Structures are given as C-alpha cells and as structure tokens.
Amino acid sequence: MKERIEKIRHEVEEFTAKSKEHAEEFRLKYLSRKGKISELFDDFKNVSPELKKEVGQLLNKLKVSAQEKLDRFKESDEVNVGESGADLTVPVPEWKGSRHPLNLVRRQILEIFGRLGFTVEEGPEIEDDWHNFSALNFPEDHPARDMQDTFFIGKEVALRTHTSSVQVRILEKTQPPVRIMMPGRVYRNEAISARAHCFFHQVEGLYVDKNVSFADLKQTLLYFAQEMFGEETKIRLRPSYFPFTEPSAEMDISCTICHGKGCNVCKYSGWVEILGCGMVDPAVLQNCKIDPEVYSGFAFGMGIERITMLKYGVNDLRLFSENDARFLAQFESEM
Ligand code: PHE
C-alpha cells in the first residue's frame, strides 16, 4: 500500500497541465470518484491496524497535494493557452474599425456644402473626350490632352483627369437651378512621389441659376473654409486660368500649420492653395444647351488629399493608398 501511494505521489508530482483539457484529465485520473486516489481510500479498510495511522497520513497528504495542484492548474495562465498558443481567456477587445481619412474628409466637405443646399452627384471614371475636355472649352492643342498628362484608353476615351466632367454630364440633362457637389477619383499621368500620385480624389462644386455672381462664389468658399479649418481662417483669391471658367481664380487659405507666421508647408508665405474656381464660362453653358443670357454660375474643384493633409498634418500623399494600419487607425471618428 505504501508503495502504491508513493507511486501515485510521484505521478502527481510529475504531471503538468498545458491546457484546460489536461487539467480535467488530471482531475478525472486522480481526484474523481473513480480516480486513483479514491481507489486508495477504498482499499484503506484492508490496511492492517498497526499501519493505519501512518498510511492514513500519507493518503491524506497525497490527496491534499493533488487538490492543491489542481487548484494551481486552474489559476495558471498556462492552462488557458489553447493549441495555437493563443490565450483563449483574454477578453476580446472592442475592435473599432476606422474610416479612411479621405472618406472622412470627403464626408465633411459634402456635409458642409449640404447645409448650403448642395446635393451630391457622381459620374464615370472612364470618360470621353467631350465630357472631360471639349465641352469644357479645352482647345484642341491643350497640354492636358497630351498622352503625357492623361491616361488614354482609346482615341477618344480616357480616365477622367478631373471631376469637372461631371458638371457637363449633369448640365446636359438638367435645366437650372443646379446646385451640386461631385466627388470622385481622378487620374493623371504623373510620377508617384510624396506630393503627386497617378490618381487622387476631387470634389467639384457647381451652382447655376439666374443672377449667380462672383460674390456668391466668394462667400460660399469663405463659409466652407471657416467650417472646415476654423473660424479664424482667412481666404484669398488669386487670378488664374481654366478653360471652363471666366474669370478664374485659385483660392488660398491662411496656413493652418503656422497661422501665417511662416513654415515649410506654406513655404513661408502664410498662405496655402486649396482649390481652383471661377464663373462658369458661357461657352460651357452653351455646350450643355443652357442659355448664358439667362443663367450664370460658379464652379470650384478641390483635391481631397490636399485638404486632408492640411487638416491632419499628413506630409506624404502615398500614405493614403498604402493601407498601413498604423496610419489608418489614427483616424477614429463618429461620423
Ligand atoms: N478642374 C480643375 C482642376 O482639376 C479645378 C476647377 C474646377 C477649377 C472647377 C475651376 C472650376 O484643377
């Protein structure tokens, strides 16, 4: 009997549990009703009276140490590790995905203009020459029509180079008033760097009605700039040129990084360009069968990447398309 106790004591000592199943196996084998230790207790009645005290003590000791061992298995982390090595008892963290920063800013832009009554329209990314260039008053020899700047798919078909093509698509089928925002992806044949990519995203705005003036354009854009970048934001319009607007301008906002003191984002000028705009050229209205004697309008177009970079201090355009989770996870939002 003493030998059997000693043998089982040894087994118990050697036993290691690497999983919950092992711990249960241990319990069944030694401590359950039909386990080896219970068996020993059953046989205890056959022990001769003079040995009863000694054997009884050994048996009790064995039972207590086996029970302690089982308790330790239950507490230890080791048995909570599954076959794969993963700790199966760790609470599942509340995994919150995050919106892509460009999507976030796109929504913000559309929401701000939505408050001014602008609705949303979209157009195709594969576009014909008419909608991307000709109807927008691009001359035949304009450099954008060159293979070097535009991804052509066929002779008259290309990946759109801007969202202005959607202006034409909507104006062709709608009589004014038209007040719309047109977000989408655009493509240009550029070498990829921190500042340029072969595709990016724009949001186009268009308002055509009777008596729409440049003052309306300016006030609309000022409202947008201050809602997007903060009340203290200033804007300035510089004369520029686009084939489809006349007059045309580029809009700068006071630098969101240094607030006008001068930094390398604004190249020490205190201003950063964020969009192109102007009054819709009468020739464009005419191309869409809208009478320029009756109607006038303004249009503007901005790059979503640019707005996002300024708003969140992102300094490399490539981050937006690399899908690095460490970058993306920084943009949590309720929106
Ligand atoms: N389409 C122009 C661009 O891509 C931006 C623009 C839109 C300018 C509307 C004026 C009016 O640069």
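This is a predicted model: local features need pLDDT of at least 70, side-chain atom pairs count only at pLDDT 80 or more; totals for chains, interfaces and linings use all residues.

Residues are numbered from 1 along each chain as its sequence is written, and side-chain values use heavy atoms, with hydrogens and water left out.

Begin by selecting Arg-188, Phe-200, Glu-273, Gly-303 and Arg-306, which of the 50 lining residues are the closest to the centre of the largest pocket. A pocket is an open set of points, on a 1 Å grid over the protein atoms alone, where a 1.4 Å probe fits and protein lies on both sides within 12 Å along at least five of seven lines; lining residues have an atom within 4 Å of a point. The volume of this pocket, the space filled by probe spheres set on points joined across faces, edges and corners, is about 1,500 Å³.

Next, select β8 (271–280), which gives the most to this lining, with 7 residues. Helices (H or I, at least four residues) and strands (E, at least two) are DSSP runs, numbered from the N terminus. Other elements giving two or more residues include α7 (164–173), β5 (199–209) and α10 (304–312).

Then move to Arg-9, Glu-13, Lys-61, Leu-62 and Ser-65, which lie nearest the centre of the second largest pocket, lined by 13 residues and holding about 230 Å³ of space. Select α1 (2–14) and α4 (49–75), which each give two or more residues to its lining; the largest share, 7 residues, comes from α4.
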